Amino acid sequence: MSLALVGFTTLFLWAIQPALQQDHLIFIYFVPTTLIAIRYGSLSAMGVIIASSLAAAYFLYGPPFSFEVGNRLELMELILF
């Protein structure tokens, strides 16, 4: 369930990112993290956080389709998330 929510959120963000022209989209991952924490507990929520961070680094941050994060602000977002 956790990976399904992360996957759905990633697909949603990836689809709307060009139209929004917004930064800091990683914080939308708080929604599935909160749902999993309420339903399944904090251990599952930690898995969602790790999966969300990896998905955001790979799909949302530049360079695309790479785990390298080119911007220091985006790197700090991932660390703080």
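Modeller: With burial: a residue counts as buried when its relative accessible area is under 20%, and as exposed when that area is over 50%. Keep in mind that this is a predicted model.

Biologist: Is Thr 9 buried or exposed?

Modeller: Thr 9 has 8% relative accessibility, so it counts as buried. Thr 9 lies in helix H1.

Biologist: What does the side chain of Thr 9 reach?

Modeller: The backbone oxygen of Leu 5, at 2.8 Å. Beyond its neighbours within four places in sequence, Thr 9 is in contact with Ile 28, Tyr 29 and Pro 32.

Biologist: Which residues does Tyr 29 contact, leaving aside its neighbours within four places in sequence?

Modeller: Besides Thr 9, the list includes Val 6, Thr 10, Leu 13, Ser 52, Ala 55, Ala 56, Leu 60 and Phe 81.

Biologist: How should I read a nonpolar core?

Modeller: In soluble globular proteins, nonpolar side chains tend to be buried together. Here the largest nonpolar core has 16 residues, and those touching the most other members are Val 6, Ile 26, Tyr 29, Ala 56, Leu 60 and Leu 78. Two or more residues come from each of helix H1 (2-20) and helix H3 (42-60). H3 supplies the largest share, 6 residues.

Biologist: Which residues form a nonpolar patch on the surface?

Modeller: Leu 75, Met 76, Ile 79 and Leu 80 do, with about 420 Å² of accessible area together. Leu 80 belongs to helix H4 (residues 72-80).

Biologist: Why does Leu 80 count as exposed?

Modeller: Because its relative accessible area is 67%, and exposed means over 50%.

Definitions and conventions:
Residues numbered from 1 in each chain as written. Predicted model: local features only at pLDDT ≥ 70, side-chain atom pairs only at ≥ 80, totals over all residues. Heavy atoms only, no water. Core = buried A, V, L, I, M, F, W, Y, C linked by side-chain atoms within 4.5 Å. Buried < 20%, exposed > 50% of the residue type's maximum accessible area, 1.4 Å probe, protein only. Helix = DSSP H or I, 4+ residues; strand = E, 2+ residues; numbered from the N terminus. Contact = heavy atoms within 4.5 Å. Polar contact = N/O pair within 3.5 Å; in protein donor to acceptor, adjacent residues only side chain to side chain. Patch = residues over 30% accessible without salt bridge, like charges linked within 9 Å, V, L, I, M, F, W, Y side chains within 5 Å. Areas by Shrake-Rupley, 256 points an atom, 1.4 Å probe, with all protein chains shown as cover. Salt bridge = Lys/Arg side-chain N within 4 Å of Asp/Glu carboxyl O.
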